[in-house]
Amino acid sequence: MLPCVRWLQPFLALLASALFTLGENCPTSCLCPDPHTVDCSGQGLTRLPDSIPLDVRRLLLSDNWIPRIPADFLVLYSDLVYLDLRNNSLSYIEPGTLSTSSRLVFLDLGSNNLTEIPKGTFGESRSLIKLRLGNNPHLSAVNEDAFLGLTSLRELELERNALSGLQVGALSQLPSLRVVRLEGNPWVCNCNFANLFAWLMENRHKLPNGVDGLDCSLPMDGRRVPLNQLSQDSFRECQVTLTLTDLLIIIFSGISVSVVAIMASFFLASTVHCFQRWSKGNKTEEEESEE
């Protein structure tokens, strides 16, 4: 028995050292179940914890009161692959904050107070596979280039936000997209929604329940209509109807072209007239010289 104990002593010492180091580097009030995981969920934090190990791979910060992420927060955490910030008080993500996370695969920003997703928010995080942005009740704007560069993104969650419209370019720039969730948004069935409707019908296989459960409100009376009751013909008028702005532009363009044509004609006529007078004067002077 004694030889076995002696043989195990180096391994026991190594294990004890690892456990001591793990406990020493773990942020206060957080748990570190393994050397690469930091779990600070539900600790009532009002800011990011201090002394997060530099080699952290899974960082769990859900169910706190964190209002912002410093723009340089992820510069040192190059090994981070899983970041959970669900159910905090985030209202804005500074562009470029996530650009240094070259290995980030999973990002959860759901159930926060985000109001918009501007261009450059994710800094072309090419390794990102799953992005959760659902349950942000004030999120009403997503830039067309908000997801530009996320070439590996397979799952995108935008459900139960405040989106009344979404530019198709924001989705068509995701070549690896397999699943997208859009239900629970106050979509408006106007001409701006026509292109998104066409995309949804063509990519309904990427929606967990197809277009079932998706609806939009009519701009005239606000009545909600399920998308499965609509068709491309429902937006037929959007292809031929001109708005007042369009008509004013056409009228102004026509007037401008007419004015330019009149001025050009007047200038040309004046030039010809002057040339004729000049030629006639030269001819008269030559005749008088000959006499």
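By class, how many nonpolar, polar and charged residues does the lining of the largest pocket have? Before the count, note that this is a predicted model. The lining has 8 nonpolar, 3 polar and 3 charged residues. That pocket holds about 280 Å³ of space. Of its 14 lining residues, Cys189, Ser234, Phe235, Glu237 and Cys238 lie nearest the centre.

Next, the salt bridges. The count comes to 14. One of them joins Arg68 to Glu94, with the closest N and O atoms 3.4 Å apart. Arg68 sits in the loop between strand 2 and strand 3, and Glu94 in the loop between strand 3 and strand 4, so the pair ties together parts that are 26 residues apart in sequence. Arg68 is partly exposed at 46% relative accessible area, and Glu94 is also partly exposed, at 30%.

Asp108 pairs with Arg132, again with a closest N to O distance of 3.4 Å. Here strand 4 is linked to strand 6, across 24 residues. Asp108 is buried at 2% relative accessibility, whereas Arg132 is partly exposed at 26%. Both belong to a salt-bridge network that also includes Asp63, Asp84, Arg86 and Glu157.

Then there is Glu183 with Arg181, at 2.4 Å from N to O. Glu183 counts as buried because its relative accessible area is 19% and the cut-off is under 20%. Arg181, at 25%, is partly exposed.

Last, the surface. Leu54, Val75 and Leu76 make a nonpolar patch of about 300 Å². Leu76 lies in the loop between strand 2 and strand 3, and is exposed at 56% relative accessibility.

Methods. Residues numbered from 1 in each chain as written. Predicted model: local features only at pLDDT ≥ 70, side-chain atom pairs only at ≥ 80, totals over all residues. Heavy atoms only, no water. 1 Å grid on protein atoms, 1.4 Å probe; cavity = no way out; pocket = protein on both sides within 12 Å on 5 of 7 lines; lining within 4 Å. Points joined across faces, edges and corners; volume = space filled by probe spheres on them. Nonpolar A, V, L, I, M, F, W, Y, C, P; charged D, E, K, R; others polar. Patch = residues over 30% accessible without salt bridge, like charges linked within 9 Å, V, L, I, M, F, W, Y side chains within 5 Å. Areas by Shrake-Rupley, 256 points an atom, 1.4 Å probe, with all protein chains shown as cover. Salt bridge = Lys/Arg side-chain N within 4 Å of Asp/Glu carboxyl O. Helix = DSSP H or I, 4+ residues; strand = E, 2+ residues; numbered from the N terminus. Buried < 20%, exposed > 50% of the residue type's maximum accessible area, 1.4 Å probe, protein only.
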